[in-house]
There are 2 protein chains.
Amino acid sequence: MSRSRMSTNPLSHRARTGAHPPRPKEVSVSKTAPTSADVAREAGVSRATVSYVLNNRSDVRITPATREQVLLAARQLGYQPSPAARALRAGRGDVVLFLLPDWDTTGELGHFLEEVGTLISKEGFVCLRYEGPQWHGHLGSLLGKVTAAAVVTFSPLSDADRDAMAMSTIPEVRAWLLDGPEGHTVRIDQATVVQLQLDRLIARGYRRMIYAVIRDPRNQRFIDARVRAFRNLTVAAGIGDADVVVLDGELDGFVDALTAARAVNESRIGVCAWNDMTAVGILSAAQTLGISVPEDLGVIGVDDTPIASLTAPPLSSVRFDLTQDAAVIAANVAETLGVGSKQPAITSAPVTLIARASD
Amino acid sequence: MSRSRMSTNPLSHRARTGAHPPRPKEVSVSKTAPTSADVAREAGVSRATVSYVLNNRSDVRITPATREQVLLAARQLGYQPSPAARALRAGRGDVVLFLLPDWDTTGELGHFLEEVGTLISKEGFVCLRYEGPQWHGHLGSLLGKVTAAAVVTFSPLSDADRDAMAMSTIPEVRAWLLDGPEGHTVRIDQATVVQLQLDRLIARGYRRMIYAVIRDPRNQRFIDARVRAFRNLTVAAGIGDADVVVLDGELDGFVDALTAARAVNESRIGVCAWNDMTAVGILSAAQTLGISVPEDLGVIGVDDTPIASLTAPPLSSVRFDLTQDAAVIAANVAETLGVGSKQPAITSAPVTLIARASD
DNA sequence: TTGTATGCGTTATCAG
DNA sequence: CTGATAACGCATACAA
């Protein structure tokens with residue numbers, strides 16, 4: 001564990017800590033935030049009374065007059081309780097930390113996160129995101145800087161991070177969209193996604209299938225799961241002519257792949273695309289080669305992104321809805337935090353196919 | 001009287017606190033995190049010494065032996081300093097809060113945010129994002145829950161939020177990508193983006209221009225700025241036949257718009273698209289209508305997203321690079337935090353056109 | 001060089 | 001019902 005105190009200059013942040021310098025206690029415009037003691041003085045009561053009023057506790061009875069005094073003083077001074085002091089006193093903060101993998105948080109996943117955040121905020125907590133690849137391996141440092149009430153992870157942590165997490169007393173809530181073996185975690189069933197694509201293509205008369213995916217290390221785990229599902233499902237469906245093509249993000253590669261596939265034989269090809277962008281590449285390659293969609297080739301994307309409505313022909317796509325899962329995660333967090341009331345049943349995300357013209 | 005009664009004795013600290021809550025304090029597996037006092041006891045030194053060693057202060061000299069003792073004890077106990085206590089003591093926390101508008105943080109903007117985060121983390125702070133539309137109007141509540149060292153805003157705050165910000169003692173750093181009038185803030189010059197599109201199209205021989213944009217309230221301010229630039233620039237370039245079409249995200253609308261444009265006359269049309277997705281719509285509409293690109297119609301997108309390489313033909317696109325701006329913002333934050341060393345010159349984001357086959 | 005005492009702002013407890 | 005006061009964990013002048 002890194003015990004380095006980082007480069008924080010010990011002198012600089014002494015600027016506002018009034019340990020030494022004589023503090024001019026004036027009601028006038030001062031740069032230091034007012035404390036509950038200031039409010040108490042202004043209202044002519046004790047600090048305890050201020051605390052009682054501001055936290056409006058039901059087990060203590062305060063004279064309405066006193067209460068008003070306190071409220072007024074607090075408003076006048078613009079009093080805001082110090083989160084640091086509260087956290088120190090309470091033993092935990094009000095921040096729920098989202099540890100996001102290097103995923104694309106646009107679209108459905110973004111909604112999911114927002115939904116969870118909204119739900120949790122109802123319990124008086126605030127959800128902050130730590131995003132990008134930067135935090136990997138530095139979780140310990142992070143936890144040393146922010147007083148978190150809980151950490152929500154969306155994928156397994158690295159060894160170092162897991163250790164840091166275990167070392168701390170902060171609870172981890174797992175919202176693993178992929179890796180959860182069972183139970184207390186959300187699962188998007190990747191096999192269902194592929195199955196919907198295949199079922200549709202089979203229903204439309206395709207007998208020859210290709211799984212097309214753009215190489216992307218960020219999503220490797222998801223990709224692996226889907227490819228596995230594709231292999232299993234095609235075998236189960238008795239489709240012998242199934243293939244997986246891995247591409248990089250250039251049109252040429254798509255054209256080549258399609259050319260090669262057509263060279264084998266000219267039968268109609270059904271393409272299960274990893275996502276909508278991959279599907280766009282397939283459509284473009286087909287156009288380039290003069291292959292007509294959906295007459296000679298069908299393609300179905302995943303995610304139902306806005307672009308699916310803008311291709312020619314418009315793209316059929318599989319979408320999943322994480323709304324229910326958001327509620328599950330929020331409930332898990334609430335329970336972990338000891339503020340939960342209800343416990344929604346565990347559901348798996350509804351997955352549906354949005355049919356458009358690409359087949 | 002009782003004032004003098006309770007002197008903080010490092011030894012009695014634990015022993016005598018058990019007045020009310022009988023807290024069993026064992027060295028064994030306890031759920032509470034170890035404190036610096038625990039480390040001190042374990043190492044057989046005072047709390048001050050522990051603090052000195054752990055913050056490795058240069059103005060105090062510690063016996064190497066003692067230092068090792070402390071370090072060892074800290075490691076053994078898995079000691080992690082409490083952020084809450086540090087924040088309370090220091091008067092400010094180590095969290096820099098990014099207040100993100102409801103923007104798409106994929107692509108270049110995402111890189112920008114990561115870059116800023118990485119830079120700031122070098123100064124010992126951590127950047128957390130508060131994302132989505134949810135926080136608008138609730139900034140006060142947020143600031144009451146997290147001990148932030150600074151808040152970085154990317155667009156103007158609402159009145160309520162601005163008041164809350166002003167009420168607090170937390171400094172606001174403005175990284176307004178669009179609204180900054182001048183000076184201390186980052187600016188993506190929207191006019192330059194449009195200019196690059198137009199220059200290219202003019203160079204390729206187009207004399208009739210259309211600005212195409214997909215309706216999106218989230219980006220309205222950016223859209224307005226670009227449309228304004230388009231109008232000004234086409235007038236300045238002596239292009240009389242310039243038009244702006246606002247679409248929603250369905251292919252039909254694109255087809256209709258292009259049909260209408262071709263109905264006026266059959267001259268070649270240059271399309272400045274709001275972004276790559278809009279450009280995809282244009283390409284699809286052209287394909288649907290049998291208009292060949294780039295022979296009869298040219299289109300240039302913005303953002304140079306991965307999809308630009310996957311259309312048929314591949315899409316020319318304008319990209320901007322916010323790396324330098326990230327450094328500027330990071331420096332601003334550092335300066336505000338009083339930890340900054342250098343002050344990079346203010347630059348505006350380099351904007352370039354990536355030429356592909358769509359013209 | 002190390003130990004002692006104090007305060008940061010909040011809340012809980014208990015005596016008036 | 002109110003007032004005084006003890007912690008929470010850390011950092012640091014100052015004394016030894």
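Across the interface of chain A and chain B, two salt bridges are found, a salt bridge being a side-chain nitrogen of Lys or Arg within 4 Å of a carboxyl oxygen of Asp or Glu. This is a predicted model, in which local features need pLDDT of at least 70 and side-chain atom pairs count only at pLDDT 80 or more, while totals for chains, interfaces and linings use all residues. Residues are numbered from 1 along each chain as its sequence is written, chains are lettered from A in the order in which they are written, and side-chain values use heavy atoms, with hydrogens and water left out.

**The interface**

- Arg129(A) forms a salt bridge with Glu131(B), and the closest N and O atoms of this pair are 3.5 Å apart.
- Eleven residue pairs, both at pLDDT 80 or more, are in polar contact between chain A and chain B; a polar contact is a pair of N or O atoms within 3.5 Å, where within protein one must be able to donate a hydrogen and the other to accept it, and where residues adjacent in sequence count only if both atoms are side-chain atoms.
- On the side of chain A that touches chain B, H11(A) gives the most, with six residues, and helices and strands here are DSSP runs (H or I, at least four residues, for helices; E, at least two, for strands), numbered from the N terminus.
- The residues of that side of chain A divide into 30 nonpolar, 27 polar and twelve charged, where Ala, Val, Leu, Ile, Met, Phe, Trp, Tyr, Cys and Pro count as nonpolar, Asp, Glu, Lys and Arg as charged, and the others, Gly among them, as polar.
- The contact (heavy atoms within 4.5 Å) takes 69 residues from chain A and 72 residues from chain B.
- The area buried between the two chains is about 5,800 Å², of which carbon and sulfur atoms give 60%; buried area is the accessible area (1.4 Å probe) that two parts lose on being put together, summed over both.

**The largest cavity**

- The structure holds five cavities of 30 Å³ or more, a cavity being a set of points, on a 1 Å grid over the protein atoms alone, where a 1.4 Å probe fits but cannot get out, and lining residues having an atom within 4 Å of a point.
- The largest cavity has about 130 Å³ of space, a volume being the space filled by probe spheres set on the points, which are joined across faces, edges and corners.
- Its lining includes Gln287(A), Ala312(A), Gln287(B) and Ala312(B), and the elements that give two or more residues to this lining are helix H11 (276–289) of chain A together with helix H13 (276–289) of chain B.
- The lining residues of the largest cavity divide into six nonpolar, six polar and no charged.

**Salt bridges over all chains**

- The whole structure has 22 salt bridges over all chains.
- One salt bridge joins Arg41(A) and Asp38(A), with the closest N and O atoms 3.2 Å apart, and both residues lie in helix H1 (residues 36–43) of chain A, three residues apart, about one turn of the helix.

**Backbone details**

- A cis peptide bond joins Ala312(A) and Pro313(A), with omega about -5°, and Pro313(A) is placed in the loop between strand E8 (297–302) and strand E9 (316–320) of chain A.

Definitions and conventions
1 Å grid on protein atoms, 1.4 Å probe; cavity = no way out; pocket = protein on both sides within 12 Å on 5 of 7 lines; lining within 4 Å.
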